[in-house]
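Dear colleague,

I am handing over the structure that we spoke of, and below it you will find an account of what was found. Please read the notes on how the terms are used alongside the model itself.

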Amino acid sequence: MSTVVSLVNACLMASYEGRVPPTWIRRAVENGLAGVGVFGTNLAPPEPAAPGAAPYGTLRDDIAAPLRAVRPDVLIALDEEGGDVTRLDYHRGSPYPGNHALGAVDDLGLTREVARAIGADLADAGINLCLGPCADVNSRPNNPIIGVRSFGADPGRVARHTEAFVRGLQDRRVAATLKHFPGHGDTGTDSHTALPDIDRDLPALRALDLPPFAAGIAAGAKAVMTGHIRLPHLAEPPATLSPRVVTGLLREELGYDGVVVSDALEMAPVLDRWGFGGAAVLAWSAGVDLVLLGASGVEHALPQVYEAVESALKKGELTIERLEEAAARVAALRAWADPVPTGLGRSGSVPTGSGTGRSGSYTGRSGSDTGRSGIGLVAARRALVAVGVPSPGASGPVHCVRLSSEANMAVGVAPWGLDRALDGLGRLASALDVDPGTDPADIPLPAAGPLVVVVRDAVRAPWQHATLDALRTRRPDLVTVDMGLEPAPGRLAAPLLLTRGAGLANAVAAAELLTGRTWPGPPSGG
């Protein structure tokens, strides 16, 4: 293996398709590949675990263990933000509420405790690099990619909770990654499909978008992820490929000397213009240290990257010194995050907290449905907002209608809604999914009995809003449950329940309130 290939591998994170790492990815790790990204597509539900099996054992045994058998200090990363964006619980929903719920509660101790629990879960699964938290300030309510992934719209609040989350994750020796630098909150475009322009000059960035990143850096965040966003007032290329943004703004102005990670290069606005090789060269030249290739199998991309680097070195577009600097930073991160097989990460204990949980799961995972020590449910309950929701009294089981919404690529197809939570409480009478374009007159509704209509960001989906209005004329007593960003006051009619996220914990908290029942069983998962 050439020196250049070895050096490039030391600054690359690749991924693969399927559950068990194939031969080519193991060979790449053996040849110095810095890290492997794990995505929802890698996490097809395994066979149900035996009662009492360790939480996340199959992920650890099927994915992390084979990779660490090749090289113990390899970085294994995934997006685990809690709430809507989860990989550990991709096929059932997160047992923790996401950032929006935590920011709304505004209890820094709670945010840190939730992050500690997530960190312990990641450590159990053999994951040592979390691609989170989102440090983006959601300053545009109709943002299609951030939304509930943000702690809120106020820079100070987002900064405080970003710091708490970073500290909580890294209490468990799981490296935190601030994203998406320099801030993805003021865009109306999903950067997975097109390149967003953010109309911020430098003073506005300093006031609105940078404070959470500065707070996370001060808390010791081990990594910062750049966003595929363009800031015309600062630079022409997207932030990931911009020396002005990465070296100038992040390194020099904010003083960050940790690992800079690129967002996935396979995202359309980057890949379509520069290709894997060209984008990787530009990212390293801009100051990025660890290049993340993408979520799908990228075996074919590795030769493209090696070839592009060889060419760039010959042309003087990239230097060996820049790659060596990047490799050194990544090596330091690997050394810090090198896992110790205690089963609970280096801290060796489970976070304390009150609340209830239930052993086992609907999909075969043998952890807690509500997070370690029930902290996920504790947080989700505190985030609930009920407006005019009647007491459940002695009402019967609940009829549930869900107005489907299309998830963005960051969320994926993780399940959401209330039917599983209501069923887990023994209070589901019926469940119906309604697709966009369905005539409200064609939606069957029960003539009597409690009825909830579940939506996600209804005020951003005109068809959902119109459907809700039509259904309410037939059943004025229906309860609307919105599992996205809360709407402006008065935009949705009461009775109304706001969960501030669509994770499993959010659903369970809402189902408890609607039925008057408490999630059964003792806390588990640790």
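**What was found**

Asp457 lies in the loop between β12 (451-455) and α14 (462-474), where helices (H or I, at least four residues) and strands (E, at least two) are DSSP runs, numbered from the N terminus. The phi of Asp457 is near 60°, a positive value in a residue other than glycine. At 17% relative accessibility, Asp457 counts as buried, a word that stands for under 20% relative accessible area, with exposed meaning over 50% and partly exposed in between (1.4 Å probe, protein chains only).

Before going on, please note that this is a predicted model, in which local features need pLDDT of at least 70 and side-chain atom pairs count only at pLDDT 80 or more, while totals for chains, interfaces and linings use all residues. Residues are numbered from 1 along each chain as its sequence is written, and side-chain values use heavy atoms, with hydrogens and water left out.

**The chain as a whole**

The chain holds 15 helices and 14 strands, and of its 526 residues 60% are buried. Among contacts (heavy atoms within 4.5 Å) with a separation of 6 or more, 76% are between residues 24 or more positions apart.

**The sheet**

An open sheet is built from five strands in the order β4-β3-β2-β1-β8, and the pairing is parallel; two strands are taken to pair if DSSP finds at least two bridges between them. At the edges are β4 (129-130) and β8 (291-292), each of which pairs on one side only. Strand β3 (residues 75-78) is joined to β4 in the parallel sense over two bridges, in which Ala77 has Leu129 as its partner and Leu78 has Cys130. Strand β2 (residues 35-37) also pairs with β3 in the parallel sense, over three bridges, and Gly35 stands opposite Leu75. Both faces of β3 are covered, with Leu75 and Ala77 buried on one side and Ile76 and Leu78 buried on the other.

**The nonpolar cores**

A nonpolar core here is a set of buried Ala, Val, Leu, Ile, Met, Phe, Trp, Tyr and Cys residues joined through side-chain atoms within 4.5 Å. The largest core has 99 residues, of which Trp284 and Leu293 touch the most other members, and helix α9 (residues 268-286) supplies its largest share, eight residues. Leaving aside neighbours within four places in sequence, Trp284 is in contact with residues including Val8, Leu12, Val291, Val305, Arg322 and Leu323. A second, separate core of 27 residues includes Leu384, Cys400, Ala421 and Val481.

Helix α6 (residues 155-171) has 17 residues and reaches 24 Å from its first C-alpha to its last, close to the 24 Å expected at 1.5 Å a residue; the expected span is 1.5 Å times one less than the number of residues. The buried residues of α6, among them His161, Phe165 and Gln170, pack against α4 (99-105), α5 (108-124), β4, β5 (177-181), α7 (202-218) and α11 (320-337). Just after α6, Arg173 takes a positive phi of about 60°. For the 18 residues of α11, the end C-alpha atoms are 26 Å apart, which agrees with the 26 Å that they should span at 1.5 Å a residue. Residues buried in α11 include Arg322, Leu323, Arg329, Arg334 and Trp336.

**Backbone points to check by eye**

A cis peptide bond, with omega about 15°, joins Gly132 and Pro133, and Pro133 is placed in the loop between β4 and α6. The bond from Lys179 to His180 is also cis, with omega near 5°, and His180 is in strand β5. Asp106, in the loop between α4 and α5, has a positive phi of about 60° although it is not a glycine, and Asp106 is partly exposed, with a relative accessible area of 31%.

Gly374, in the loop between α11 and α12 (375-383), counts as buried at 0% relative accessibility. Although Gly374 and Tyr96 are 278 residues apart in sequence, their C-alpha atoms are 9.1 Å apart in space.

With kind regards
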